[in-house]
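Here is a short report on one protein chain. Keep the sequence and the 3D view side by side as you read.

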Amino acid sequence: MSLFGLGRNQRTFRPKKSAPSGSKGAQLRKHIDATLGSGNLREAVKLPTGEDLNEWLAVNTVDFFNQVNLLYGTLTEFCTPENCPTMTAGPKYEYRWADGVQIKKPIEVSAPKYVEYLMDWIESQLDDESIFPQKLGAPFPPNFREVVKTIFKRLFRVYAHIYHSHFQKIVSLKEEAHLNTCFKHFILFTCEFVLIDKKELAPLQELIESIVVPY
């Protein structure tokens, strides 16, 4: 329950994003909930028969954004500029922030600042109807898949930071089963639609192999 109960730090929680594309998004969400309920994550990530790939990517992007937001939200009192002065995933990987608009040259920021920039950046895209159309049948932009790939690449960095810097805290909060299930779902979806380059996945390679290979 603690994961979804807004703790002392509830300012850091964003309002949950709802699915795009009106009733179409709602139908796809029902499909996701039904397949997730069966416990078969492999099936849950597959494009449902007859559905539009962009619609499917859009609804799932919103879902994964919400999941990462909630997971990270449980750690905000531990992931501070003092504890995490840079955005890292273990000793070998450090991420710098740039959005290509306001910040063109990558800058070094603390992990909480990086995540704040990232969530604002994703949210502004989810709210932009020229990128994530809300109306049924409205066209997706030609570069939609590239937009989704960049969002997924950066959401992965939050998972990488959580696993490398805060896993013991997640265990002490008894949230590791939830974290692992969310990450497994995220990785299986990523692999199904080839959304993140292999080299970007390196910080969690062993964990990813343990998820993907057993099937």
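K149 is partly exposed, with a relative accessible area of 23%. The scale works like this: buried means under 20% relative accessible area, exposed means over 50%, and partly exposed lies in between, using a 1.4 Å probe and protein chains only. K149 sits in helix α5. Helices (H or I, at least four residues) and strands (E, at least two) are DSSP runs, numbered from the N terminus. Leaving out residues up to four places away in sequence, K149 touches V194 and L195. Contact means heavy atoms within 4.5 Å. K149 and V194 are 45 residues apart in sequence, yet their C-alpha atoms are 8.5 Å apart in space.

Now look at P203. P203 lies in the loop between α6 and α7. With 10% relative accessibility, P203 counts as buried. Its contacts, apart from neighbours within four places in sequence, are A89, Y93, Y95, F156, A160 and H164. P203 and H161 are 42 residues apart in sequence and 9.1 Å apart in space, C-alpha to C-alpha.

## How to read the model

This is a predicted model: local features need pLDDT of at least 70, side-chain atom pairs count only at pLDDT 80 or more, and totals for chains, interfaces and linings use all residues. Residues are numbered from 1 along each chain as its sequence is written, and side-chain values use heavy atoms, with hydrogens and water left out.

## The chain as a whole

The chain has seven helices and two strands. From the N terminus on, the order is α-α-α-β-β-α-α-α-α. There are 215 residues in the chain, and buried residues make up 49% of them. Take the contacts between residues at least 6 apart in sequence: 73% of these join residues at least 24 apart.

## The nonpolar core

In soluble globular proteins, nonpolar side chains tend to be buried together. How many residues are in the largest nonpolar core here? That core has 58 residues. A nonpolar core is a set of buried Ala, Val, Leu, Ile, Met, Phe, Trp, Tyr and Cys residues joined through side-chain atoms within 4.5 Å. The residues with the most contacts inside this core are F156, Y159, F183, F186 and F189. The elements that give two or more residues to the core are α2 (41-45), α3 (53-73), α4 (111-126), α5 (144-172), α6 (176-192) and α7 (205-212). The largest share, 13 residues, comes from α5.

Pick out Y159. Apart from neighbours within four places in sequence, Y159 is in contact with Q67, V68, L71, L179, C182, F183, F186 and L204.

## α5 against α6

Two packed helices are described by the angle between their axes and the distance between the axes. Axes are lines fitted to C-alpha atoms, for helices over the stretch in contact, and angles run from 0 to 180 degrees between N-to-C directions. The axes of α5 and α6 come within 11 Å and cross at roughly 160°. That makes α5 roughly antiparallel to α6. Angles over 145 degrees count as roughly antiparallel, under 35 as roughly parallel, 65 to 115 as roughly perpendicular, and the rest as oblique.

The crossing of α5 and α6 is left-handed. A crossing is left-handed if the near helix is turned anticlockwise from the far one by less than a right angle, and right-handed if clockwise. On the α5 side, the contact uses F152, L155, F156, Y159, I162, Y163, F167, I170 and V171. They meet E176, L179, N180, C182, F183, F186, I187, F189 and T190 in α6. The contact residues divide into 15 nonpolar, two polar and one charged. Here Ala, Val, Leu, Ile, Met, Phe, Trp, Tyr, Cys and Pro count as nonpolar, Asp, Glu, Lys and Arg as charged, and the others, Gly among them, as polar.

## α3 against α4

The axes of α3 and α4 come within 12 Å and cross at roughly 155°. These two helices are therefore roughly antiparallel to each other. α3 passes α4 in a left-handed crossing.

## Positive phi in two loops

K174 lies in the loop between α5 and α6. K174 is not a glycine, but its phi is positive, about 60°. At 71% relative accessibility, K174 is exposed.

V194 lies in the loop between α6 and α7. V194 also has a positive phi, near 50°, in a residue other than glycine. With a relative accessible area of 57%, V194 is exposed.
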